[in-house]
Amino acid sequence: MQPKYLGLDDRSANYVLNASLREIPVLRDLRQEMASHESGGMQIAADQGQFMALLAKAIGAKKVLEVGVFTGYSSTVVALALPEDGKVTACDLSEEFTRRAQKTWADAGVADKVELLLGPGIDTLDRLIAEGKSYDLAFIDADKPSYPRYYEQCLTLLRPGGLLLIDNMLWGGKVADPEHQDHETVMFRDLTLKLRDDDRIDFSLLTVGDGVGMCRVRER
């Protein structure tokens with residue numbers, strides 16, 4: 001049987017946003033600002049952010065780990081979904097982009113729910129592991145060559161039953177084109193197969209945004 005996927009043209013994509021998106025003005029303004037930014041493609045899609053917030057609520061998440069902050073859209077939309085005592089630990093290397101993220105958090109009223117950790121992601125996650133930290137939900141959207149290492153580190157940091165979301169798994173469609181053999185595309189292919197075959201997790205590859213790998217940590 002042939003797989004059935006609906007390719008969204010601009011009209012259909014706009015319909016999805018107009019018919020379903022619940023977006024506060026702060027995030028709408030950030031999305032519009034980044035639309036013309038040279039690095040704007042690094043920001044997650046608005047419907048993806050709303051889906052992540054729904055997942056956080058569905059599992060009753062209180063402790064969220066984000067690897068890759070950019071200007072704060074994903075951390076803000078998830079922080080808004082957390083209870084008052086919830087916390088997002090946001091890890092990034094860029095002081096420039098995270099300054100904008102801090103403004104987003106403040107404008108959205110969630111600055112007290114977000115802890116920013118600046119530094120190389122691998123080092124930051126190793127430190128959190130050494131400190132015995134545990135999280136309910138983790139999101140990876142950072143430097144692509146480090147994804148396999150981030151995956152292993154996040155599995156260690158997530159509680160049993162916790163969710164891990166990994167962004168950009170379709171890599172603009174390159175993963176499906178055998179002519180693309182660059183390092184990052186090959187990494188995404190290999191990582192996808194690893195997730196499929198990893199008996200430590202339940203796994204689904206979602207066609208949301210640029211592709212999201214959704215993993216549930218099994219009981220250890």
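1. How many nonpolar, polar and charged residues does the lining of the largest cavity have? By class, eight of its lining residues are nonpolar, two are polar and one is charged. Here Ala, Val, Leu, Ile, Met, Phe, Trp, Tyr, Cys and Pro count as nonpolar, Asp, Glu, Lys and Arg as charged, and the others, Gly among them, as polar.

2. A note on the basis of these points: this is a predicted model, in which local features need pLDDT of at least 70 and side-chain atom pairs count only at pLDDT 80 or more, while totals for chains, interfaces and linings use all residues. Residues are numbered from 1 along each chain as its sequence is written, and side-chain values use heavy atoms, with hydrogens and water left out.

3. The structure holds one cavity of 30 Å³ or more. A cavity is a set of points, on a 1 Å grid over the protein atoms alone, where a 1.4 Å probe fits but cannot get out; lining residues have an atom within 4 Å of a point. The volume of the largest cavity is about 50 Å³, a volume being the space filled by probe spheres set on the points.

4. The lining of the largest cavity includes M52, V64, E66, F139 and L165. At least two lining residues come from each of β1 (63–67), α4 (73–81) and β4 (135–140). Such helices (H or I, at least four residues) and strands (E, at least two) are DSSP runs, numbered from the N terminus.

5. R100 is placed in helix α5 (residues 95–108). Its side chain makes polar contacts (N or O atoms within 3.5 Å, one able to donate a hydrogen and the other to accept it; residues adjacent in sequence count only if both atoms are side-chain atoms). One joins the side chain of R100 to that of E33 at 2.7 Å, and another joins it to the side chain of T104 at 2.9 Å. Leaving aside neighbours within four places in sequence, R100 is in contact (heavy atoms within 4.5 Å) with L30, E33 and T71.

6. The whole structure has three aromatic pairs. Rings of Phe, Tyr and Trp (its six-membered ring) pair if their centres lie within 6.5 Å; planes under 30 degrees apart count as stacked, over 60 as edge-to-face and the rest as tilted. The ring centres of Y147 and F188 are 5.4 Å apart and their planes lie at 80°, so this pair is edge-to-face. Y147 is in helix α7 (residues 147–157) and F188 in helix α8 (residues 183–197), 41 residues apart.

7. W171 and F188 form a tilted pair, with 5.0 Å centre to centre and 35° between the planes. Ring pairs link Y147, W171 and F188 into a cluster.

Notes:
On a 1 Å grid over the protein atoms alone, a cavity is a set of points where a 1.4 Å probe fits but cannot get out, and a pocket is an open set with protein on both sides within 12 Å along at least five of seven lines; lining residues have an atom within 4 Å of a point.
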